[in-house]
Amino acid sequence: MAGHLFEVDNLNIEFRRSDDKVYAVNGVSFSIGEGGTLGIVGESGSGKSVTMMSCIGLIRSNGTVKAGTAKFEGHDLLKMNRKQLEHIRGLEIGVIFQDPMTSLNPLMRIGDQIMEGMIEHHYATPRDAFDRTINLLGEMGIPEPKTRFRNYPHEFSGGMRQRIMIAMALACEPKLLIADEPTTALDVTVQMQILALLKEQQEKKNMSIAMITHDFGVATNFCDKIVVLYAGQVMEVAETKEFIRRPAHPYTIGLKNSIIEVGQRDRALKPIPGMAPTLTSPPTSCSFADRCPLVTDRCRNELPVLRQVDGNHMVACHRAEEVLNHAV
Amino acid sequence: MPSEHLLQVENVSKRFRVRGKTLHAVENVSFNLDSGKTLGLVGESGSGKSTLGRVALRLLDADGGRVLFQGHDIGRIPKKQLRELRRDMQVIFQDPQASLNPRMTVGAAIEDAYVIHKIGTKSDRQQRVEDLLQRVGLPPSAANAYPHELSGGQLQRVGIARALTLDPKLIVCDEVISALDVSIQMQVIQLLKELQKERNLGYIFISHNLAVVEYISDEIAVLYLGEVVEHAAAEDLFKKPSHPYTQVLLQSILKVPDPQSETTQALMHIKGEIPSPFSPPPGCTFHPRCPFAQDICRTKKPEPRDIGHGHVVSCHFAE
């Protein structure tokens, strides 16, 4: 579709367990425009990582994509064979994982690791790949790139390792960058440095970013559109401004109220009661119903579909209009 | 002399020898904590906050200075007496899964403390376990569950129940909510606050989440490379952060933008990283990253100064 670099439609993913199945992703749809930044927000088990990683063929062996499409530049990634996916991964779509220590090869010099992708994908000759690696390390703010090229991952701090991961992900100038909780393991000052670096690189190259995060602060300050997942379903999608101004799903509102922010010493805490479910059968009613302050009989009997409430603002809640009009 | 403070930490230092080199984990730190109050310790990875929490409980021995618990120097009292005191000093860790024996039921793990300290009969102990589970918001049936059968939030409630078994006076909470989802974090904080009120507990609350520390603490100490660079009442610290490092930390927090203003936060460039604790910089340890550093900062270590109402800052230029 015009303008959409990446488009997921009605994605369904199941995982087999010893005696049952987990319905991890249930009809998820969203899109990312060229140069756009989508925040995929949710708690653990909401399906945010599974959704993105499955699209590029990174799924645990007990998982199956049951239905749906994931189109990258119009081509369905889910129909591609391993070789085609390997070609796209790293070249057209870069990935940054949460924990750089477990995603970097501890026995390989970091420079060689960055070069490897470029050579593998015939993006550059070994000589050019070397020059580009030195440049990249410099751009990532790593001092003395020529010396550091020869170091191993353990010789870097957590923040520096994450910069190396970003250099690897950006090496072949991908059109889409998937960043899976890239700053969660980092200190706040380092998080700020890494996000500023990503933004700068994105603006230079008009790259699209899918930012998987559980942190509303990161999502609202870094992304221009946000999708909220719960129990493997999209609860709400909106442009960030609209999302901040007029959240319409009770889960989104509950989650926002769960965040303690600076300057709130005197506020009362109103936690969302209970915890997120693990679905062992496909959802037939609202998965948030048991924890929702606005629950009605309808919510327990009828699955709310994701529908438009205003402009590009989509919500999967029977009572979204009432919430938006402050009727409840 | 009997002390009026629950805990007094006086000029405590802790160093580790690592491959022939000395790591300065905690340097000359002092603070007091009263019953029913919370001291927040904030700082980035490697700032020494967890080490300090451990030294305060004598899970680690201090290399310098002393720690007084209810007036007793816990570094000097006899083993037997220390063991008695330990009932009153408990800790809750970040990863409750890692701190529970996977082959022991939750009930047995909680009961363990009573068994070790020979408290009550079997049925008496089981009643106490049930009461504690109920108090931390878990069903009595949880006693028969194994750790892997519970969620992270439930496990952290078990961690809290275990810390409460011997009716302690002081609990060190070391990153207790960091591994939990936001909706669960708030449940745990609410529980900790209620328990503090009910039992007049003193907390040392260690976290890198500044907003949560502000919320739960009465006083806050900011650590950088093992030193307290700023110490103040929680309100004062956030209203008037006076050490350049505290200012950088506070500016690094990404807040959800105000719906009225709609402007998102600018992503800033922050200079450098925490230097190696093996060779802390001379003078003020923050000077290599400080935007206001002058010559004096590179050579002379700033002494802690009270800039008013017990707001103590270690910076030559704070006012």
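Mentor: Across the interface of domain 1 of chain A and domain 2 of chain A there is one salt bridge, a term that stands for a side-chain nitrogen of Lys or Arg within 4 Å of a carboxyl oxygen of Asp or Glu. The side chains of Glu139(A) and Lys204(A) meet in a salt bridge, with 3.2 Å from N to O. On the side of domain 1 of chain A that touches domain 2 of chain A, the elements giving two or more residues are α2 (82–88) and α8 (188–205) of chain A, and α8(A) has the largest share, eight residues. Helices here are DSSP runs (H or I, at least four residues), as strands are (E, at least two), numbered from the N terminus. By class, that side of domain 1 of chain A has 11 nonpolar, four polar and five charged residues, where Ala, Val, Leu, Ile, Met, Phe, Trp, Tyr, Cys and Pro count as nonpolar, Asp, Glu, Lys and Arg as charged, and the others, Gly among them, as polar.

This is a predicted model, in which local features need pLDDT of at least 70 and side-chain atom pairs count only at pLDDT 80 or more, while totals for chains, interfaces and linings use all residues. Residues are numbered from 1 along each chain as its sequence is written, chains are lettered from A in the order in which they are written, and side-chain values use heavy atoms, with hydrogens and water left out.

The domain assignment of chain A, automatic or from a database, gives domain 1 as 4–92 + 172–324 and domain 2 as 107–171. The contact (heavy atoms within 4.5 Å) takes 20 residues from domain 1 of chain A and 15 residues from domain 2 of chain A. Together these domains bury about 1,500 Å², 63% of it on carbon and sulfur atoms; buried area is the accessible area (1.4 Å probe) that two parts lose on being put together, summed over both.

In chain B the assignment gives domain 1 (7–88 + 168–313) and domain 2 (96–167), which bury about 1,500 Å² between them, 60% of it on carbon and sulfur atoms. Here the count is two salt bridges, and Glu198(B) forms a salt bridge with Arg135(B), the closest N and O atoms being 2.5 Å apart. On the side of domain 1 of chain B that touches domain 2 of chain B, α7(B) gives the most, with nine residues.

As for the two chains, 45 residues of chain B are in contact with 46 residues of chain A, and the chains bury about 4,200 Å² between them. Met186(B), Tyr215(B) and Val256(B) supply 18% of the area that chain B buries against chain A, more than any other three residues. One salt bridge is found across the interface of the chains, and the side chains of Arg265(A) and Glu235(B) meet in a salt bridge at 3.8 Å, N to O. α7(B) gives the most to the side of chain B that touches chain A, with seven residues.
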